[in-house]
Amino acid sequence: MKIVSEPKEMQRLAEEWRSRSGVIGFVPTMGYLHEGHLELMRRGRDVCDHLVASIFVNPTQFGPNEDLATYPRNFDRDCELAGSVGVDVIFYPSAEKMYPEGFQTYVEVTGLTAGMEGASRPGHFKGVATVVCKLFHQVKPHYAYFGEKDYQQLAAIRRMVRDLDMDLTIVGCPTVREESGLALSSRNAYLSVEGKKAGLCLSRSLARARELARNGETDAGVILREARAVVEKEPLARLDYMKICHPESLEELEKVESGSRLIMAVRVENTRLLDNGPLL
Ligand code: PAF
């Protein structure tokens, strides 16, 4: 496995692969890899000739009071894990290479990013769209893999690709969970044992909402009331938002229909946990 830290070198390599008709798969990450990332990499490995994973803790997607400085990092372990699932290249650029002196161009997806994470973390999606756009230009993938756990991010990236005529396919992959039901996230590393237990209220509330929808309840207000109550019963948890949305536009729905998605963020011990899933 090769480690590339120069964006220009990454571009040259990608051009060389493309000139020989090689299909490039790409998994962008901020490192501290877990089984969710590895599953994205396996998906890419199955269909692509060349597989690149990036590790870059992107400063522009963190707010001033967020966890950029403390975000968990373990590059050596990440390399071992990525190698074990057949990644060919780790792209590991520095912040100085990604945002050189004088950088002043940003990409912004509007509308879709206004609520939920966008409302709780102003500027977050502008940072995500900008870095993902840059990474796409550097890695030149045919396929890029993203987890559904960050569902609003996935929807925003799909929209960016469509709106800016980017020539690649975005592949969304199901959330990987611990056996307990907790959705995997690098930030789970911040949780204590009690915090991890409390974090199960997210998957429990999703299960409750699903149960109601599958038993014929279509009123989003009724489902949300019950699902929110599951979170509110957990003393260590504080609900940030919970909504039932259209799976593409993310518009809030009053009636649940096929594909409708419950999306939530909950703070547990100062860590924001995200979860979502289809109700029907
Ligand atoms: O989901 C993430 O890890 C990040 O938001 C991403 C897509 C790698 C961009 O920094």
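Val-109 is placed in the loop that runs between helix 4 and helix 5 (117-120), and in this predicted model the residue is buried, with a relative accessible area of 12%. Leaving aside residues up to four places away in sequence, Val-109 touches Ala-129, Ala-156, Arg-159 and Met-160. The C-alpha atom of Val-109 is separated by 17 Å from that of Asn-58, a residue 51 positions apart from it along the chain.

**The ligand and its surroundings**

Asn-58 also belongs to the group of residues that surround the ligand, together with Pro-28, Thr-29, Met-30, Gln-61, Val-131, Phe-146 and Gln-153. By residue class, this shell divides into 4 nonpolar and 4 polar members, with no charged residue among them. Taken alone, the ligand would expose 290 Å², of which the protein buries 89%.

**Salt bridges**

Side chains of opposite charge can pair when their charged atoms come close. The structure holds 19 salt bridges, including the pairs set out below.

| Pair | N to O distance |
|---|---|
| Lys-97 and Glu-6 | 3.2 Å |
| Arg-187 and Asp-67 | 2.8 Å |
| Lys-149 and Asp-150 | 3.5 Å |

In the salt bridge between Lys-97 and Glu-6, Lys-97 belongs to helix 4 (residues 95-98) whereas Glu-6 sits in the loop between strand 1 (2-4) and helix 1 (7-19), so the pair ties together parts of the chain that are 91 residues apart in sequence. Lys-97 counts as partly exposed at 40% relative accessibility, and Glu-6 is likewise partly exposed, with a relative accessible area of 33%.

The salt bridge between Arg-187 and Asp-67 joins two loops: Arg-187 lies in the one between strand 6 (169-173) and helix 8 (193-198), and Asp-67 in the one between strand 3 (50-55) and helix 3 (75-84), so parts that are 120 residues apart in sequence are tied together by this pair. Both Arg-187 and Asp-67 are buried.

For the salt bridge of Lys-149 with Asp-150, the two partners fall into separate accessibility classes, because Lys-149 counts as buried at 14% relative accessibility, while Asp-150 counts as partly exposed at 28%. Elsewhere, salt bridges that share partners join Glu-35, Glu-39 and Arg-42 into one network.

Most residues other than glycine have a negative phi. Tyr-32, although it is not a glycine, has a positive phi of about 50 degrees; this residue lies in the loop between strand 2 (24-29) and helix 2 (35-47), where Tyr-32 is partly exposed with a relative accessible area of 27%. Lys-140, which is not a glycine either, has a positive phi of about 50 degrees, and its place is in the loop between helix 6 (124-139) and strand 5 (143-147).

How values were computed: Residues are numbered from 1 along each chain as its sequence is written. This is a predicted model: local features need pLDDT of at least 70, side-chain atom pairs count only at pLDDT 80 or more; totals for chains, interfaces and linings use all residues. Side-chain values use heavy atoms; hydrogens and water are left out. A residue is near a molecule or strand if one of its heavy atoms lies within 4 Å of it. Accessible areas come from the Shrake-Rupley method with a 1.4 Å probe; for residues, only the protein chains shown count as cover. Ala, Val, Leu, Ile, Met, Phe, Trp, Tyr, Cys and Pro count as nonpolar, Asp, Glu, Lys and Arg as charged, and the others, Gly among them, as polar. A salt bridge is a side-chain nitrogen of Lys or Arg within 4 Å of a carboxyl oxygen of Asp or Glu. Helices (H or I, at least four residues) and strands (E, at least two) are DSSP runs, numbered from the N terminus. Buried means under 20% relative accessible area, exposed over 50%, partly exposed in between (1.4 Å probe, protein chains only). Contact means heavy atoms within 4.5 Å.
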